[in-house]
Every structure is written in structure tokens, then in C-alpha cells.
Amino acid sequence: MEYNPAFPLLRPYTDFDNRGFWEGIKRHALVFQRCKHCGLFVHRPRPMCPRCLSTEKEWVPSEGKGKIYSYVTVHYEKTGYPGIKVPYSVVVVEMLEGVRIIANVEGIEPEELRIGMPVEVTFEDIAEDLTLPRVKKREVGSP
Amino acid sequence: MDMISNKTAIVGIGISEFSKDSGKTELRMASEVIREALDDAGLVPPDIDGIVVHTDDASDEIAAVRTMGMGNLTFFGQCRWDGAPCGMVMRAAIGVAAGMANYVLVYRAVNGSSKRRMGTPSRDIAQMSTSALLQWTFHAPFGQISAAGAVAMITSRYLYEYGIDPDKFGWIPVVCRGHGSKNPRGMYYGQPIAIEDYRRSPMFTDPLRLLDCHENSDAAAALIITTLERAKDLRQKPVRILAVAQSEVAETEEKNCFYSPRLSELPEIVRVGERLFAMSGLAPRHIRSIQLDDSYAPLVPMQLEALGFCAPGEGAAFCEGGDRIRMGGEIPLNTSGGSLGEGYLYGLNHIIEAVRLVRGTSPVQAGPLSPVLVTTGALGPASGLIVGDGL
């Protein structure tokens, strides 16, 4: 990912409900909200478990592994964000925990992208106050 | 439901021309289409006692009331999200059916081209709703900020699951532009395209081509809804609301459903279709024309499947060659051009065209067509309706 410094970086807006996720990302740890009462993993984070309505929840480290569920490559800056140089790819990843995340890729060319491709999460420190998750190819069968 | 189906009607319509720069305020555009709708119905401003407007519009009902001398409101409110238009008609129909108002006005006026670029945040972050903030927080930092990007993500999965050749989506803009080329008030009057134009069209957000996507426009439209009983005394043949529905499902987002169990289907449109057919007692084979959300071409085959017009995965093949969905074909699609061939007004123009088809006054038609099914907002909170000349 190459950024265009003429535009501001887009930063997540953190609040009481999602702060734990972004604090995890900052220290290069992917964590997901899990309900302490019924065990449901939830992403995006929210104040209450949508299954059992418990507000007791915890941040659980993810294995960081998943498969590409869908992807796009932005070729035209008007449909993306002009602060990111085109072309760039965005992927939906289905994680082993059963939740989906949106991320960008590291070291995967647009034409290489395939649905079902095994990937693992890595992190990129973009600015002092901004770290984002990326995904890179994962060797199948690796522990 | 019994209070609305076949007991309420659309009795007045007004629609502006579609342009890249209207040179007018949104309130001016709204006032002009409201005046046209009143005149069409044979009503005067004090008759209007209900108004439904959209949260995103500058031309709110207070401004319209002041501008047009509509001083008798007893029923008013706002609807939200891009998929609102048929839901706005639903709100109006509920108002008249419940006796809370006699004549309810629905309108939108949007300088979507000249005032601001759609797809960019229109509000300060601090004023965003929680769901908008969630999208901002979990999608925008990755450059996933446009509706086109969201549709591309869904389309990518759809192509994968059914092994579809993306070239086939090209027949949707070809048909819509063909219809729109005959619509003097649209943005593409006299400008049809051929399938070769589509194939040469640049890749925008892979797998979407430029011609898969609508362009923004400046436009406005208004509708007046009343009970069928009152409609009989007005100027036009009443266009009956046979069914109207909204749907919002778990894990939805405003313009995408990256988190829905199956990204390749449109769960809200599935539900809207089920409700429309249950309420009207009709089935897809009874529908004579469809006015579907075509803000992005691949949404059309996906909706044909979601609504039961064809089997899962067969929507693109259904549109191939365009003959089935052209005027005169099996089930004509977006006959005034829709978002791809007339201009972008979130589908309010699709509802207006459905009314014209039932009346027999569409710019492209030979004789009346009824019933007509409309969807607005295929992504996220969605709504739909069926109108006709009676059952």
C-alpha cells in the first residue's frame, strides 16, 4: 500500500465498544470480542451479545488465520480513497473463529488473489498513531 | 396489510429533468416537482396534510410548507438510508390508511452531481450514526469507502459461486441506456450504447466496469398518496398500491453486507419479495414490468434471483442479449432508463416510471402495463412495492 501524503490518513473512530480491538492492533495482536456468557465471537464489536444479550464480554486473541472470502481491486481513485494510490486490493477474510474482517493485502499481486486463498494476518505501522492489519499468503498445513 | 393493499393509491406525480448541474437550489427543485404532482392530481397545497421526507435532504418539510403554503400538516416524518423510497411510500400509505392524513406527499430533491460527490461523508464524524461510524472505523482505513467498492466485493463472490462471465452484466446498461435514450428528461436522451461499448469500458473497481455504475445527477421527484376511496374523485386514474414492504436483516450495513451469511445474495431483497408477493397475492409470473435498483448493473441479476424471477445463478443468463428485459420483451426492466439510463435519484424515478406504465404514459411504451414491481436499495435496508390498475 502506498499512501498519497496530500490527503489525510483515514483513522478508525474508537469508542468504549471497539477500543479493545484497535488497542490490540496497535500492539500487533488481532483480538475479537467474545461473549463471556455464551461464547459467541462477534465482529464488528458491539455493546451487547446479539445472541444472548449479555454485556459481559472479553477480548480474545485470534489465531490470525483465515481464507479470502471475497476481494476487489480498486483501479480508479474516485471509487476508492484518493489518499491511497491505485491500484490497491481490499479483501474480506473469513477467520477460523468464524468472523469476517476487512483488510488490505501484503505481498499478493491483484492477479494472484483467489477466493479461498489461505491467509494470515500481519500488521503495518503506517504512522505513529495508526497501525492496520494486513493479510499475506499462508502455507497450507503450516501449524 | 389489509388496510393498504388495493385500498391506497398514488394519485399525483412530478419529476424534474436529470442533469449534471441543475443551477437550482434543492428546495426550488422540490417545489417545482411538488407543484407538478399537485397539478397532476388536481389538488391544491392546503389539501396536503401529510409529508414524508428523507433525512439526507436539504429541502425538509418545514421549508416546503413555507414555500408552498401547505399549512395543514397532521402527519410528517423522515425516512433514512438510500433504500428508503418505497418505504417512504409505505409510510405515506400507512398514514392515509390509518386516517392520520388524507393526502400525503413524498419527495426527494438532490443535487447529487453539482452539490457534493456521493460516496463521501456528508457529515462531520462526530455527527455520524453509530452504524455509519462502524463502517468508517472498520472499512475506510482500508480504502473501502464507496458503494461501488461494496458492490464489487459482492459481485466478486457472486461470480465465483456461480462461475458467471462478467461480460454478461453488460446487457443491463445496454438495455437501460436504450430505454433512457428515448426519455427526453433523462441524462442520456439520444445516447444509447452497444455491448461493444461495455466491453471497452475501463475497469473501475475490479470486477466492475465504468459502465456498470450509475453517474450522479441533479434531480427531484414527488408523489402524492391517498386512499383509493378519495382517489376516485381526483384527476387521474388511480394507480393502486397492491403491496409495499421494507426489510432490514441482522448484520446489515448501510451499503453492504460483508458480514451476511452469504455475500452473493441480497437478503433484504429476498424478504422484500416474499412480503410483496404475500401481500398482493401475486407471483413473479403475474408481473408485467420491473423497475429494479440498477445503481450498479450486477445488482439486477442478483435481484431477479432474490425475487424469484429466475433460479439462483441464472440472473445474468436471463439478461443476456437483452431481449427479455427490453420494452416489448417478457418483463421490461427500468423502462425510463433507471439509474443507468435516466439518472440517479435513489429509485424515486423508478417509482414514478411504474406509475406512468400503469397509466400508459411512459416515454417508451405503446399501451398500459400492470402490475409493476419496484425495488429501491438492493444493498442494506431495502424497500419495494407493486402498483397496478386493480386486482
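Trainee: I'd like to begin with a strand pair. In β8(A), which residue is the bridge partner of T122(A)?

Mentor: That's R134(A), sitting in β8(A) across from T122(A). Before we go on, keep in mind that this is a predicted model. Now the general idea: backbone hydrogen bonds hold the strands of a sheet together in pairs, and a pair can be parallel or antiparallel. Here, β7 (residues 118-127) and β8 (residues 130-137) of chain A run antiparallel and are joined by eight bridges.

Trainee: How many residues does the hairpin between β7(A) and β8(A) go through?

Mentor: Two residues link β7(A) to β8(A) in that hairpin. On your screen, follow β7(A) through the hairpin into β8(A).

Trainee: Which other strand is joined to β7(A), and by how many bridges?

Mentor: Look at β4(A): three bridges join it to β7(A), and the two run antiparallel. To find the spot, pick G66(A), which stands opposite V119(A) in β7(A).

Trainee: Now a sheet in chain A. What is the strand order in the open sheet of three strands?

Mentor: The order is β2-β1-β3, with antiparallel pairing. The edges are β2 (41-42) and β3 (57-61) of chain A, and each of these pairs on one side only. Between β1 (residues 31-35) and β3(A) there are five bridges in the antiparallel sense. One place to look is Q33(A), whose bridge partner in β3(A) is W59(A).

Trainee: What about the other chain? What order do the strands take in the open sheet of nine strands?

Mentor: Read across chain B and you get β3-β2-β4-β7-β1-β8-β11-β10-β9, with mixed pairing. The edge strands here are β3 (75-79) and β9 (289-291) of chain B, each pairing on one side only. From one strand to the next, the twist averages 25°.

Trainee: Which helix packs on that sheet?

Mentor: Helix α13 (residues 348-359) of chain B does, touching β1, β4 (104-111), β7, β8, β9, β10 and β11 of chain B. The direction of α13(B) makes about 175° with that of β10(B).

Trainee: Let me zoom in on β1(B). Which strands does β1(B) pair with?

Mentor: With β7(B), residues 218-227, there are seven bridges in the antiparallel sense; G12(B) has I224(B) as its bridge partner there. Two bridges join β1(B) to β8(B), residues 239-247, and these also run antiparallel. In β8(B), V239(B) stands opposite I10(B).

Trainee: How many residues of β1(B) are buried?

Mentor: Eight of its eight, covering residues 8-15.

Trainee: How do I read a nonpolar core, then?

Mentor: In soluble globular proteins, nonpolar side chains tend to be buried together. The largest core in this model has 154 residues, and V89(B), V104(B), V106(B), Y107(B) and V387(B) touch the most other members. Take V387(B): leaving out residues up to four places away in sequence, its contacts include I10(B), V239(B), I241(B), L242(B) and V355(B).

Trainee: What about a helix? How many residues of α10(B) are buried?

Mentor: Eight of its eight, across residues 299-306. The general idea for helices: an α-helix has 3.6 residues a turn, so residues three or four places apart point the same way. In α10(B), the buried residues include L299(B), M302(B), Q303(B) and E305(B). They pack against α5, α6 (171-180), α9 (267-280), α11 (315-319) and β10 (372-376) of chain B. Just after the helix, G308(B) takes a positive phi of about 90°.

Trainee: Which strand of chain A pairs with β5(B)?

Mentor: It's β4(A), residues 65-74, which pairs with β5(B) in the antiparallel sense over two bridges. Look for T73(A), whose bridge partner is D206(B).

Notes: Residues numbered from 1 in each chain as written. Chains lettered and ligands numbered in written order. Predicted model: local features only at pLDDT ≥ 70, side-chain atom pairs only at ≥ 80, totals over all residues. Pairing = 2+ DSSP bridges. Helix = DSSP H or I, 4+ residues; strand = E, 2+ residues; numbered from the N terminus. Buried ≥ 20, exposed ≤ 12 C-beta atoms within 10 Å, placed from the backbone. Contact = placed C-beta atoms within 7 Å. Core = buried A, V, L, I, M, F, W, Y, C linked by C-beta atoms within 7 Å. Axes fitted to C-alpha atoms, helices over the stretch in contact; angles between N-to-C directions.
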